[in-house]
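Good morning, colleagues. I would like to take you through a few local features of one model. Please have the display in view.

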Amino acid sequence: MKIGFGWDLHQLVTERALVLGGIKIEAPFGESGHSDGDVLIHAIIDALFGAAGLGDIGTHFPPSEPKWKDSASTTLLSEALEMVHTAGYQLVNLDTTIVLQQPKLSSYIPAIQANLAELLITSPDTISVKAKTKEQVDATGEGRAIEAYAAVLLDTPDPSLWV
Ligand SMILES: [Zn+2]
């Protein structure tokens, strides 16, 4: 079994949509940066690549590559999952935390969980999505940024790959 961890942060800006786990969140701001800025999916991709020993999101989807500009992060997640499968691993479970001062995300969590389960070709009970605020502390707590953390466990279904 292999464990992986991912973290990401994006600035919040007015002229972008707020997308988390491929789900659009009602908010007067969104995430800046690479692709559609889906900070949760970026953290998950880094955790998957980390666990499989495949580098990081920047290795495979460099921001300098015009192909990935404003692309849907859900597409990147599906490609990342395929690379993980090709490397001989399958997902056991995923645990995530989103850190955002406002709006409250609790009503969106079931939809995010269901969407991630579909993208990761697994059942929603293997996907955990939690949301916290940063108690008004630092840039994230002041509402200028959003962060996401992800931990994944992978295993190798093929006994010839067991070590
Ligand atoms: Zn990112």
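Predicted model: local features only at pLDDT ≥ 70, side-chain atom pairs only at ≥ 80, totals over all residues.

Which spacing do the donors of the zinc ion follow along the chain? The donors follow D-x1-H-x31-H, where a donor is an N, O or S atom within 2.8 Å of the metal (3.2 Å for Na, K and Ca), and sites may look incomplete since water is not among the atoms. Residues are numbered from 1 along each chain as its sequence is written, and side-chain values use heavy atoms, leaving out hydrogens and water.

The zinc ion is coordinated by Asp 8 through OD, His 10 through NE2 and His 42 through ND1, at 2.0 to 2.1 Å. Asp 8 and His 10 are both buried; buried denotes under 20% relative accessible area, exposed over 50%, and partly exposed in between, with a 1.4 Å probe and protein chains only.

I turn now to Asp 38. This residue is buried yet has no salt bridge (a side-chain nitrogen of Lys or Arg within 4 Å of a carboxyl oxygen of Asp or Glu). Arg 16, the nearest side chain of opposite charge, is 10 Å away; Lys and Arg count as positive, Asp and Glu as negative, and His and the chain ends are not counted. The side chain of Asp 38 does reach the backbone nitrogen of Gly 22, at 2.8 Å.

Finally, Thr 122 is partly exposed, with a relative accessible area of 25%. Its C-alpha atom is separated by 8.9 Å from that of Asn 93, 29 residues apart along the chain.

Terms used:
Polar contact = N/O pair within 3.5 Å; in protein donor to acceptor, adjacent residues only side chain to side chain.
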